[in-house]
Amino acid sequence: MITTLGNAVAGGYVAGVFDVRRLVVLQEVVRCGSLSAAATALSYTTSAVSQQITALERDIGSTLLVRSPTGVRPTAAGTRLLEHAETILAAIRTAERDLQHLATAHPGVVRVASFASAAGTILPRAIARFRALCPGVGVELVSADPEEGVELLTSGGADAAVITEVPGEAPEFPGVHSVPVYDDEFFVVLPAGHRLAARAEVPFAALAREQWIVSTESGACPDVRVFQRACRSAGFIPSVTFRTEDYSTVQGLVAANLGVSLVPSLAAAGARTDVALRRVAGRQPVRRIALATADRPADGTALATFVSLIREASARISADAVYSVPERPFSVA
């Protein structure tokens, strides 16, 4: 097989000898176990799938599938080709990505996917600075949670994505390149009249018997894992009464005296006046804000410049103590 392909390249013709797109069809046929099932999965007709396999067998010079009334199975040649298929297709994807990066080394726009709280706090200062340094390059902001942002990275729909991670744990998205940006401290949110609202710092264990309002339905996201880790460290299992994906809703429920919560500083920037925002005593729970790109940005590119500016802007947030917590309770109108 490889010799035939090598001879074709040496002879100056490649098209029609080995169309790698047909490897995808072969993979799907073997995975599904039949031509018709593969056709459904690929949105092809069964006839089109059969023609692709026949053409691949002709190009390779070997029978790749054994067909029977109950389905298909790969021949020895088919099995060997499948062993190489993933490597071949992965190499093509890498080449396409490298060429895309080369074409966009000085892009007309940098597309950034971010969730709302980071978009409103970390990004504005960096975007303003980027416009001053790279006036010929625009910035496009795409609203997306971390999972959606990473999907946009891998599909080419975004150049960078703001993600969240748990410090000390494995990378949240190991398939992308990420750099730490900001350690986002979590604060306890209490009803204004809560027994602990007058304290500057609240021992987390003192909240063991409280009803909790949690920021998401799933325990998989970093915010919830930070909360669960804090509870374990304090020696209790929380009683959760409400779950919502919106931190402003969390604060509203707390204000109505329906429970207490743990909210990251970025989401607490616009804290209500009828709740008390308090630092956790002792070791503060944090989530890590990071900036992800499909690969490490090449030095000198607009994307590399943008990444460095994001890190500078985040350092300023930490140094300026933008989210300082008052030592006295909020006054309630």
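# A walk through the predicted model

Start by selecting S215, which sits in the loop between β8 and α9. Keep in mind as you go that this is a predicted model. S215 has a relative accessible area of 12%, so the residue counts as buried. Which residues does S215 touch, leaving out those up to four places away in sequence? Show D223, V224, T244, E245, D246, Y247 and V250, and you have the set.

**The aromatic rings**

Time to show some rings. A search of the whole structure turns up five aromatic pairs. Pick F204 and F236 to begin with: their rings are stacked, 5.8 Å centre to centre with 25° between the planes. F204 is in the loop between β7 (201-202) and β8 (211-214), while F236 is in the loop between α9 (222-234) and β9 (239-243), so this pair ties together parts that are 32 residues apart in sequence. Buried or exposed? Both F204 and F236 are buried.

Now move to W212 and F227. Their ring centres are 5.1 Å apart and the planes are at 55°, so this pair is tilted. W212 belongs to strand β8 and F227 to helix α9, so here the ties are between parts 15 residues apart in sequence. W212 and F227 are both buried as well. Select F204, W212, F227 and F236 together and you have a cluster linked by ring pairs.

Zoom in on L207: not counting residues up to four places away in sequence, L207 touches V188, L190, H194, L196, V202, W212 and F236.

While you're in β11 (residues 275-280), select R278. R278 has a relative accessible area of 0%, so the residue is buried. Where does its side chain reach? Follow the side chain of R278 to the backbone oxygen of R199, at 2.8 Å.

- Select E83 and R80. The closest N and O atoms of this salt bridge are 3.5 Å apart. E83 and R80 are three residues apart in helix α5 (residues 76-103), which puts about one helical turn between them. Both E83 and R80 are exposed.
- Select R111 and D159, a salt bridge with its closest N and O atoms 3.1 Å apart. This pair links distant parts of the chain: R111 is in strand β3 (residues 109-114) and D159 in the loop between α8 (146-155) and β5 (160-165), 48 residues apart. R111 is partly exposed at 22% relative accessibility, whereas D159 counts as buried at 17%.
- Select E210 and R195, where the closest N and O atoms of the salt bridge are 3.1 Å apart. E210 lies in the loop between β7 and β8 and R195 in the loop between β6 and β7, so the pair ties together parts 15 residues apart in sequence. E210 is buried at 15% relative accessibility, while R195 is exposed at 55%.

For the last stop, show E169, E172, R225 and R229. Salt bridges with shared partners join these four into one network.

Technical notes. Residues are numbered from 1 along each chain as its sequence is written. This is a predicted model: local features need pLDDT of at least 70, side-chain atom pairs count only at pLDDT 80 or more; totals for chains, interfaces and linings use all residues. Side-chain values use heavy atoms; hydrogens and water are left out. Rings of Phe, Tyr and Trp (its six-membered ring) pair if their centres lie within 6.5 Å; planes under 30 degrees apart count as stacked, over 60 as edge-to-face and the rest as tilted. Helices (H or I, at least four residues) and strands (E, at least two) are DSSP runs, numbered from the N terminus. Buried means under 20% relative accessible area, exposed over 50%, partly exposed in between (1.4 Å probe, protein chains only). A polar contact is a pair of N or O atoms within 3.5 Å; within protein, one must be able to donate a hydrogen and the other to accept it, and residues adjacent in sequence count only if both atoms are side-chain atoms. Contact means heavy atoms within 4.5 Å. A salt bridge is a side-chain nitrogen of Lys or Arg within 4 Å of a carboxyl oxygen of Asp or Glu.
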